[in-house]
Amino acid sequence: LDSEEKPIALKYSLKRAIMELGPSGFPFEDFVAEIFREKGFQAETGKIVKGFCVEHEIDVVAWDEKQLIMVEAKFHNELGIKSDLKIALYVKARFDDLRKMKFNYGKERELDEGWLVTNTKFTSTAIEYGSCQGGLRMIGWNYPPVGNLHDMILESKLHPLTCLVSLNGREKKELLKQGIVLCKSISENPDILSTLGMNEEDRKRVIEEIKLL
């Protein structure tokens, strides 16, 4: 690969790596919560939250001193699937119901931002709707141009281990089964690799690849 093609190839393989998390049974919302934690937020997943009219199951609730953010996480395990206008309208309606309430996360407060996060793309009408109305922040793989999901992963250095070429399919599955999902977890505790029966040279190769990410 030449120097121009390399970042594109890496971006594509990272996108694929996120999709591979789905079949492993690791929910996308847990991955999104990890990104928030890396940014200094506290984050919880799968919370039942009382709105003004009804209760809502919220994929991620994240808060710090300044902000309370609630997130709807839409995971697709195929490249071509997009989140459409119907999803954006439905999610916006949920956040409108929640905005009428106060919550106790860190302190008593109102909802500051509602996010819709997807690992693929939005349709053009969903984007049109999102840019026209306030109150819904939409984050896709490439949207918005700055601060999208790809940017957030690179910034937080939270690469999933599914992006490593130095691990084979069986080894990845074994680690995912143990609840190890991020490359960061391996670099913080390289002994994890010993459980796979890898020799020292192969273990070194994995650590080197993680350092290059």
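Mentor: Contact here means heavy atoms within 4.5 Å. The model is predicted.

Trainee: Which residues is S83 in contact with, leaving aside its neighbours within four places in sequence?

Mentor: With that stretch set aside, S83 is in contact with K74, H76, T118, K121, F122, T123 and A126. S83 itself lies in strand β4, residues 82–83.

Trainee: Why does S83 count as buried?

Mentor: Buried requires under 20% relative accessible area. S83 has 0% relative accessibility, so S83 counts as buried.

Trainee: What makes the pairing of S83 with H76 a polar contact?

Mentor: The cut-off for a pair of N or O atoms is 3.5 Å. The side chains of S83 and H76 make their polar contact at 3.3 Å, which is within that limit.

Trainee: Turning to helices, why is α3 called roughly parallel to α4?

Mentor: The axes of α3 (residues 85–98) and α4 (residues 124–132) cross at roughly 30 degrees and come within 7 Å. Angles under 35 degrees count as roughly parallel, therefore α3 is roughly parallel to α4.

Trainee: Which residues of α3 and α4 meet?

Mentor: From α3 they are L85, A88, L89 and K92, and from α4 they are T125, A126 and Y129. By class, five of the residues in this contact are nonpolar, one is polar and one is charged. Lys counts as charged, so K92 is the charged one.

Trainee: Which residues does R99 contact, beyond its neighbours within four places in sequence?

Mentor: R99 is in contact with L111, D112, E113, G114 and G135. In G135, the backbone oxygen lies 3.1 Å from a polar atom of the R99 side chain.

Trainee: What makes N104 exposed?

Mentor: N104 has a relative accessible area of 64%. Exposed means over 50%, so N104 is exposed. The place of N104 is in strand β5, residues 102–105.

Trainee: Why are the buried residues of α5 said to line one face of the helix?

Mentor: In α5 (residues 149–156), the buried residues are L149, H150, M152, I153 and S156. Seen down the axis of α5, they fall within an arc of 165 degrees, so they line one face. An α-helix has 3.6 residues a turn, so residues three or four places apart point the same way.

Trainee: What lies at the start of α5, and what follows α5?

Mentor: At the start, a side-chain oxygen of N148 reaches to within 3.2 Å of the backbone nitrogen of H150. K157 follows α5, with a positive phi near 55 degrees.

Trainee: What makes the phi of K157 worth a remark?

Mentor: The value is positive in a residue other than glycine. Most residues other than glycine have a negative phi. K157 is also exposed, with a relative accessible area of 57%.

Trainee: Why is the peptide bond from Y143 to P144 picked out?

Mentor: That bond is cis, with omega near -10 degrees. Most peptide bonds are trans. P144 lies in the loop between β9 (137–139) and α5.

Trainee: How do you know that the buried residues of α6 line one face?

Mentor: The buried residues of α6 are E171, K172, L175 and L176. Down the axis of α6, these fall within an arc of 135 degrees, so they line one face. They pack against α7 (183–188), whereas the face turned away from the buried side carries the exposed residues K173 and K177.

Methods:
Residues are numbered from 1 along each chain as its sequence is written. This is a predicted model: local features need pLDDT of at least 70, side-chain atom pairs count only at pLDDT 80 or more; totals for chains, interfaces and linings use all residues. Side-chain values use heavy atoms; hydrogens and water are left out. Axes are lines fitted to C-alpha atoms, for helices over the stretch in contact, and angles run from 0 to 180 degrees between N-to-C directions. Helices (H or I, at least four residues) and strands (E, at least two) are DSSP runs, numbered from the N terminus. Angles under 35 degrees count as roughly parallel, over 145 as roughly antiparallel, 65 to 115 as roughly perpendicular and the rest as oblique. Buried means under 20% relative accessible area, exposed over 50%, partly exposed in between (1.4 Å probe, protein chains only). The arc is that of the directions from the helix axis to the C-beta atoms. A polar contact is a pair of N or O atoms within 3.5 Å; within protein, one must be able to donate a hydrogen and the other to accept it, and residues adjacent in sequence count only if both atoms are side-chain atoms.
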